[in-house]
Amino acid sequence: MGLRSFFGILPPKLYYKDVSAPIEALPVPEKITLLWYRRTHSDLAVRVGTKVETGQDLARNGRGPFVSTVTGRVEEASTFLGVDSREYLAVQIRADQKDSFDPSVTSVAGLSETQPQTLRTGVNRAGFTALRSIIRDPRVWPTVDCLIISALDLDPFSIVNQQTFRDNPEQVEAAIELLARTTEASQCVLAVPDNLADIASKVSTGAATVAMVPPVYPNGLPEILAKKYGAGLLMKTYDAGFAGNTVVVSLEHALAMVNSLQSGRPMLEKTVTLSNGQDGKLRNFRVRIGTPVGEILKRASVEVQPKGKLILNGIMRGYSCFSDEQPITATTESVHVQSPSEVFFFQNTQCTNCGKCNSICPVDLEVNILGRLSEYGIFNKCRGLGVENCIECGLCAYVCPARRPLVHFMTLAKQGIKTVTDEPANMEEALACTACGPSCPAIRLFDFDTESDKEDSPKV
Amino acid sequence: MKALDITVSPAPHCHSGARITGVSYNFILALIPAMAMGAYYYGFDAIRVIAASIASAMIAEALIQSVLRRPITIADGSAAVSGLLLALILPASVPLYLVVVANFIGIIVAKQCFGGLGANPLNPALVGWAVIRITKAWAGYLDFDLALINYETGFILQYPLAVLKAEGPAGIAHFGLMDLFLGKQAGGIGSSAILCLLVGGIYLVLRGTIRWEIPASFLLGVVVIAGIFWLRNSSNYASPIFHILAGNVMIGAFFLSTDNATSPVNRWGMVAFGFCCGAMTVVLRAWSVYPDGVIFACLLMSLFVPLLDKMKKKQLLPPAVSPVTPQAISESAEVRSAS
């Protein structure tokens with residue numbers, strides 16, 4: 001996996017893969033599943049049995065549109081608990097092989113002269129998750145100081161953006177021009193990994209400057225790009241409004257945005273990288289959004305062995321799923337399959353204060369203290385130490401010799417800050433994240449005396 | 001969704017392969033040359049003390065953990081390391097019951113009572129040594145001049161720092177600096193083997209087992225403060241080179257002060273910690289009743305670790321929680337453009 005040198009004075013480096021793999025298109029599957037987080041006052045606009053068209057908005061009063069990516073009939077709408085402990089709606093659609101497009105989504109005419117606000121409405125209507133978190137309302141638009149279009153990937157085992165850059169260097173200029181106008185950013189940066197320098201030198205980037213980024217994890221993460229090459233903080237919606245002033249859009253999403261504004265069709269397909277730990281080969285697949293992961297595995301003839309792991313969105317920041325029916329969403333970057341021998345288990349050991357996590361943390365947090373505070377539920381102190389700045393890159397847990405689930409502790413603290421103030425009575429609510437169920441060591445601490453826990457505790 | 005029989009766990013899904021045992025075993029590996037040097041000069045007596053010390057430390061840990069019904073963790077090697085470190089700073093002639101008592105107090109009182117590895121505020125080996133040193137009936141065993149009187153090693157068996165304390169810089173003229181560097185000096189079983197400790201320490205730094213800031217700033221602290229004393233009055237105070245090469249400075253800089261649990265982890269905290277340890281060493285050597293001050297300096301500075309760990313840039317905190325309104329959004333935009 002990572003390369004660990006004999007000399008440990010320098011922290012271990014996780015390099016992004018420098019490989020090219022052609023993108024293989026998969027046909028529309030029989031059944032697709034679309035996920036939707038239902039907010040208050042919003043509801044599904046369709047019922048079981050309703051016929052839907054490609055591009056149709058399936059929701060009423062949602063923050064952004066809930067776009068159907070196929071034409072077909074709604075078969076099932078059920079709730080399920082996501083990894084972030086929110087309740088999601090899963091809408092299953094039996095797909096026809098032929099698409100008929102919803103007429104309400106139209107192309108934006110005369111792209112080069114269009115007003116930014118019209119462009120934003122168009123992007124919002126096409127259902128882009130990449131910008132949706134900041135396009136709550138296209139009329140209220142915060143000042144964007146810097147726009148970064150990133151040809152880097154989010155995970156060492158993903159090559160989606162890299163491959164998009166290799167395949168379509170000629171489209172980059174149009175994407176930069178259009179996105180710069182949409183966001184009204186004063187500065188524009190194209191972030192390219194070092195290994196693609198020869199392609200970047202041939203690309204005309206218009207108003208954007210090119211930033212050559214060393215292909216070492218976590219340089220491809222939006223927060224790090226914003227900090228190193230942008231105007232400081234990444235723009236994200238804290239509950240009080242907007243923080244930071246840099247917007248990062250992946251190259252794949254940028255090209256898809258141009259495409260959908262030109263053609264009037266929303267983003268229907270997503271490229272994902274399939275990798276497995278055994279042969280280390282990376283393969284790219286382009287699938288309809290909502291395709292179950294199992295379809296990709298079947299096509300690649302990769303099998304998830306019993307007790308193995310199926311990981312979506314990368315080995316460092318991704319989540320492991322319990323079923324191969326988990327759908328590909330608009331933000332899924334990669335699928336990784338681990339055999340039982342590769343599966344890594346965290347341990348319920350205490351911090352030895354070695355400081356490896358502190359020295360590797362890209363946002364300079366005091367991880368050793370935060371891990372302990374979060375473990376014992378002291379969330380208000382975690383807030384004072386800036387746990388909300390954690391980008392969950394996973395490097396602290398990657399280097400921890402005690403093998404503590406540090407990222408999980410950070411997530412727990414963030415969730416705890418959201419749900420509890422200081423009252424211990426609300427602790428159970430905070431801990432109801434269920435992201436990992438009974439394997440969570442933080443929950444274990446609170447009922448440490450039960451007999452079953454004693455039996456489960458790791459033997460040294 | 002149909003659940004498969006597969007593993008589910010939080011991110012990240014891979015690991016660098018580092019283990020707690022790696023730290024301990026690297027420490028032991030790095031101390032082997034110093035141990036060999038002690039065994040070469042003091043023979044079976046040195047091996048006896050080292051073996052008894054490691055064994056009693058591990059037994060003490062297993063015993064207290066089984067009494068407290070906690071998982072027994074002697075396999076991680078941390079107890080063995082603290083037993084070994086204690087043995088290396090003791091003279092070869094020390095009676096075995098003292099070694100056992102020191103280890104039991106160190107492991108049980110200073111380490112396990114505070115919650116075990118990583119939670120101990122003081123290094124157990126140093127606490128064990130300090131208990132012997134400050135107990136009136138036992139302090140004599142740590143007087144190297146008396147303790148090593150019956151050995152024949154081929155070099156002057158006078159403890160250089162005791163000579164310095166008694167006679168001043170005039171008395172230490174007959175100690176060759178090269179002899180001190182090669183370990184030809186009276187002292188603890190391993191703590192006098194300066195060259196071996198330096199090699200072991202550099203190995204640990206390169207392996208990333210210890211943080212390089214602490215030994216570097218420790219040695220810098222000794223050189224700077226001893227240099228100030230020496231430049232002001234060279235007839236009363238010894239040169240910085242002598243201070244580095246005599247006594248426990250080398251083992252203190254690389255092995256005693258760098259214990260993970262009892263040292264800070266933030267860069268400037270580490271630098272301050274190491275520098276103050278070095279400075280305190282020289283101050284204690286110059287003005288206290290004890291010939292060497294390394295161990296007391298390390299113990300004292302360990303108490304300041306929580307304070308030193310606060311030497312870090314404050315994180316930028318997100319704004320306080322309030323409901324989202326278009327006004328709030330435009331206001332935050334205004335605040336940004338104003339700043």
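At 46% relative accessibility, Lys51(A) counts as partly exposed, a class that lies between buried (under 20% relative accessible area) and exposed (over 50%), with a 1.4 Å probe and protein chains only. The model is predicted: local features need pLDDT of at least 70 and side-chain atom pairs pLDDT 80 or more, while totals for chains, interfaces and linings use all residues. Residues are numbered from 1 along each chain as its sequence is written, chains are lettered from A in the order in which they are written, and side-chain values use heavy atoms, without hydrogens and water.

Lys51(A) forms a salt bridge with Asp96(A) (3.4 Å, N to O); the term stands for a side-chain nitrogen of Lys or Arg within 4 Å of a carboxyl oxygen of Asp or Glu. Asp96(A) lies in the loop between β8 and α1 of chain A and Lys51(A) in strand β5, so the pair ties together parts that are 45 residues apart in sequence. Helices (H or I, at least four residues) and strands (E, at least two) are DSSP runs, numbered from the N terminus. Another salt bridge joins Glu24(A) in its side chain to Arg283(A), at 3.7 Å. Because Glu24(A) lies in strand β2 and Arg283(A) in strand β17 of chain A, this pair ties together parts 259 residues apart in sequence. Over all chains, the whole structure has 19 salt bridges.

Chain A also holds an open sheet of four strands in the order β11-β10-β9-β15, with parallel pairing; two strands pair if DSSP finds at least two bridges between them. β11 and β15 stand at the edges, each with a single partner strand, so one side of each has no neighbour in the sheet. β10(A) and β11(A) are joined by five bridges, and Val192(A) has Met212(A) as its bridge partner in β11(A).

Chain B has 16 helices and zero strands. Of its 339 residues, 57% count as buried. The largest nonpolar core has 87 residues, and Trp129(B) and Phe255(B) have the most contacts inside it. Such a core is a set of buried Ala, Val, Leu, Ile, Met, Phe, Trp, Tyr and Cys residues joined through side-chain atoms within 4.5 Å. Helix α1 (residues 20-42) of chain B gives the largest share of this core, eight residues. Beyond its neighbours within four places in sequence, Trp129(B) is in contact (heavy atoms within 4.5 Å) with residues including Leu86(B), Leu142(B) and Phe296(B).
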